[in-house]
Amino acid sequence: MIFIAVKWTIKPEYAERWPELAKEFTEATRNEPGNIFFEWSRSLEEENTYQLVEAFQDDAGGDHVNSDHFQKFVAEAPDYVASTPKIVSISGVEQDGWGEMGEVQPR
């Protein structure tokens with residue numbers, strides 16, 4: 001699996017609307033063959049910052065970055081970001097998605 005985490009710092013005037021602005025891209029990506037998950041979260045510590053956590057089957061990454069919706073999104077995103085997004089991308093992860101955390105179990 002390919003695991004990707006991206007930190008997006010959004011311009012203050014767009015931060016509240018970011019989920020709406022990224023909605024079309026998010027929905028299209030979630031519908032891609034080979035997408036395992038694609039989830040946005042808002043930072044509790046960094047104002048106007050969102051984290052994107054995504055995973056794809058190993059052979060689906062190229063199709064994702066070459067898709068029309070990806071190309072459209074990266075063309076529009078510079079209008080909304082306050083800085084260049086930061087990324088962690090790891091290929092060849094030996095997992096098919098989320099696993100359980102053994103250290104914490106419900107009582």
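Predicted model: local features only at pLDDT ≥ 70, side-chain atom pairs only at ≥ 80, totals over all residues.
I began with the strand order. I found an open sheet of 4 strands, ordered β2-β3-β1-β4 with antiparallel pairing. β2 (35-42) and β4 (86-90) are the edge strands; each has a single partner, so one side of each has no neighbour in the sheet. I noted an average twist of 10 degrees from one strand to the next.

**Entry 2, β1 and its partner β4.** I looked up how β1 (residues 2-9) meets β4, and found antiparallel pairing over 5 bridges. Within β4, Val88 is the residue opposite Ala5. I then turned to helix α2 (residues 23-30), which packs on the sheet and touches β2 and β3 (49-56). The direction of α2 makes about 155 degrees with that of β2.

My search of the whole structure gave 4 salt bridges. One of them joins Lys7 and Glu46, with the closest N and O atoms 2.8 Å apart. This pair links distant parts of the chain, since Lys7 is in strand β1 and Glu46 is in the loop between β2 and β3, 39 residues apart. Lys7 is partly exposed at 31% relative accessible area, and Glu46 is partly exposed at 36%.

**Entry 4, back to α2.** Here I found Glu27 bridged to Lys23, closest N and O atoms 3.9 Å apart. The two are 4 residues apart in helix α2, which means about one helical turn separates them. I also checked Glu24, whose side chain meets that of Lys72 in a salt bridge (3.1 Å, N to O). Glu24 lies in α2 and Lys72 in helix α4 (residues 68-76), so the pair ties together parts 48 residues apart in sequence. Glu24 counts as exposed at 53% relative accessibility, while Lys72 is partly exposed at 39%.

Methods: Residues numbered from 1 in each chain as written. Heavy atoms only, no water. Pairing = 2+ DSSP bridges. Axes fitted to C-alpha atoms, helices over the stretch in contact; angles between N-to-C directions. Contact = heavy atoms within 4.5 Å. Buried < 20%, exposed > 50% of the residue type's maximum accessible area, 1.4 Å probe, protein only.
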